[in-house]
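Hello,

Here is the model we talked about handing over.

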Amino acid sequence: MATRSRDCYRTVPVAALGHRFYVETDQASLRDYLDEIFAGLPRVTRRDAGAYRLIGRDDTADMAELSFGDEGVLAGPRQQVLATLLWHINATAVERTTSFMLLHAAAAARDGDAVVLPAPMESGKTTLVAGLLRAGWTYLTDEATAVSFDGAKLIAYPKALSVDAGSWEVLADLRPTVPSELDGWLPHQWQVSPMQFPQGRAMSARPRLVVFPGYVAGGGTVVTPMTRADALLQLTACSFSFHRDRPTHLEGLAAFVAASRCYRLQVDDLEDAVQTVAAMFEDARQEDG
Amino acid sequence: MTEITADRLTLEHAPKRRPEVTAVELDGEAVLYAPHDQSMHKLDRLGTFLWNCLDGTLPIAALVEDAKAVYGPTPAIDDDILAYVQDLGRKGFLVGVAADEA
């Protein structure tokens, strides 16, 4: 429930990993929209959270201003400003989360065991994790997977799934419903709340499967087993935090990989990819116990 | 300590891995992190076997004999293992052996 203060509406304060925040805005519908897309994140107290201020400019209907603490004010087109807010939340979550290793990876879980999908941008990991959610998996993240330093536990960052236009057709049933008054605000990207899936999200899971996805149009589905050493090398290149303490991260990621089966997965069809991941996952659980 | 170049390593030398190199082993393959240039390297099974033996007490000639026992004799195993150890030296992994300039 929001609190109205003067002409400002506040979102529920939440935590994006180590970044605790809420948003103040002068647009009630924008507050409601942001509350919906932040709904997967754990709630925190307001006194522990920093405040973003997102205000529509009075002098022009198309412009807005964004500020966060003492970081100065960004002024620009509303779409750009809202996109910057979402980017800043993710970037600050990565920057402020130091009690875990952070992988640039999507992740989903089944019965407490997780598949981790490390990949750079535009590799299809959000699309693939959305497909897994549609198939009944529980959601951990589409962007940053937090791993305990002993490699034994994954912590969720259950932000809204950021679905690019290239995947809108294959994920058409996930299209969010947005009030028309927000048309001028929304970036050219869907923000899909994980709370719309009945199975919701998991807050933690054990590592079981690591799959490096890559989309190749017309390339079919190709599964390539990887040695754990090769997977570890690849993971160090997919880590937001590796540079902070390379030796400690190397040992922690080695422990994480040691608990997992590792594969590369080339895909060109989402349903095939989901079924293939599910089959690999079940094989891993049956053989490893 | 005066360092030698890697190509001057011979079968009589007893190389020692640098203690500041972080190494983890997974299924017989090692991944190494070299802090002097922040590089990452993967060693195959033979390389991992050699790495684990490089404690400064065993001459490379002894490593050759140990490798023959584990992997079987091959025609050029002496030269192969010497070359492998020299390569580790060039990458900066050995005490007293100068890394190649990047």
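First, the ground rules. This is a predicted model, in which local features need pLDDT of at least 70 and side-chain atom pairs count only at pLDDT 80 or more, while totals for chains, interfaces and linings use all residues. Residues are numbered from 1 along each chain as its sequence is written, chains are lettered from A and ligands numbered from 1 in the order in which they are written, and side-chain values use heavy atoms, with hydrogens and water left out.

**Where the chains meet**

Chain A brings 15 residues to the contact and chain B brings twelve, where contact means heavy atoms within 4.5 Å. Together the two chains bury about 1200 Å², and 74% of that is on carbon and sulfur atoms. (Buried area is the accessible area, with a 1.4 Å probe, that two parts lose on being put together, summed over both.) Of the area that chain A buries against chain B, 40% comes from A:Leu233, A:Arg246 and A:Leu250, more than from any other three residues.

Three residue pairs are in polar contact between chain A and chain B, both residues being at pLDDT 80 or more. A polar contact here is a pair of N or O atoms within 3.5 Å; within protein, one must be able to donate a hydrogen and the other to accept it, and residues adjacent in sequence count only if both atoms are side-chain atoms. On the side of chain A that touches chain B, the elements giving two or more residues are helix 4 (228–237) and helix 5 (246–258) of chain A. Helix 5 of chain A gives the most, with seven residues. Helices (H or I, at least four residues) and strands (E, at least two) are DSSP runs, numbered from the N terminus.

There are also two salt bridges between chain A and chain B. A salt bridge is a side-chain nitrogen of Lys or Arg within 4 Å of a carboxyl oxygen of Asp or Glu. B:Lys42 forms a salt bridge with A:Asp230, with the closest N and O atoms 3.0 Å apart. B:Lys42 is partly exposed at 30% relative accessibility, and A:Asp230 is partly exposed at 27%. For accessibility, buried means under 20% relative accessible area, exposed over 50%, and partly exposed in between (1.4 Å probe, protein chains only).

**Helix 1 of chain B**

In helix 1 (residues 45–53) of chain B, the buried residues are B:Gly47, B:Thr48, B:Phe49, B:Leu50, B:Trp51 and B:Cys53. They pack against strand 2 (22–26), strand 3 (29–34), strand 4 (39–43), helix 2 (60–71) and helix 3 (77–90) of chain B. B:Asp44 caps the N-terminal end of this helix, with a side-chain oxygen 3.3 Å from the backbone nitrogen of B:Leu46.

**Other salt bridges**

Over all chains, the search finds 19 salt bridges. One of them joins A:Arg134 and A:Asp173 at 2.5 Å, N to O. It links distant parts of the chain, with A:Arg134 in helix 3 of chain A and A:Asp173 in the loop between strand 13 (161–164) and strand 14 (189–192), 39 residues apart. A:Arg134 is partly exposed at 29%, and A:Asp173 is exposed at 52%. A network of salt bridges links A:Asp111, A:Asp113, A:Arg206, A:Arg208, A:Glu282 and A:Arg285.

**Single residues**

A:Asp111 also has a positive phi of about 50 degrees although it is not a glycine. Most residues other than glycine have a negative phi. A:Asp111 sits in the loop between strand 8 and strand 9 (113–118) of chain A, and is exposed at 61% relative accessibility.

A:Ala105 lies in strand 8 (residues 101–110) of chain A and is buried, with a relative accessible area of 0%. A:Ala105 and A:Cys238 are 133 residues apart in sequence, but 7.5 Å apart in space, C-alpha to C-alpha.

**Cysteines**

How many disulfides are there over all chains? The count is zero, a disulfide being a pair of cysteine sulfur atoms within 2.5 Å. The sulfur of A:Cys262 is 12 Å from the closest cysteine sulfur, in A:Cys238, so it is too far for a bond. A:Cys262 is buried at 4% relative accessibility.

Best wishes
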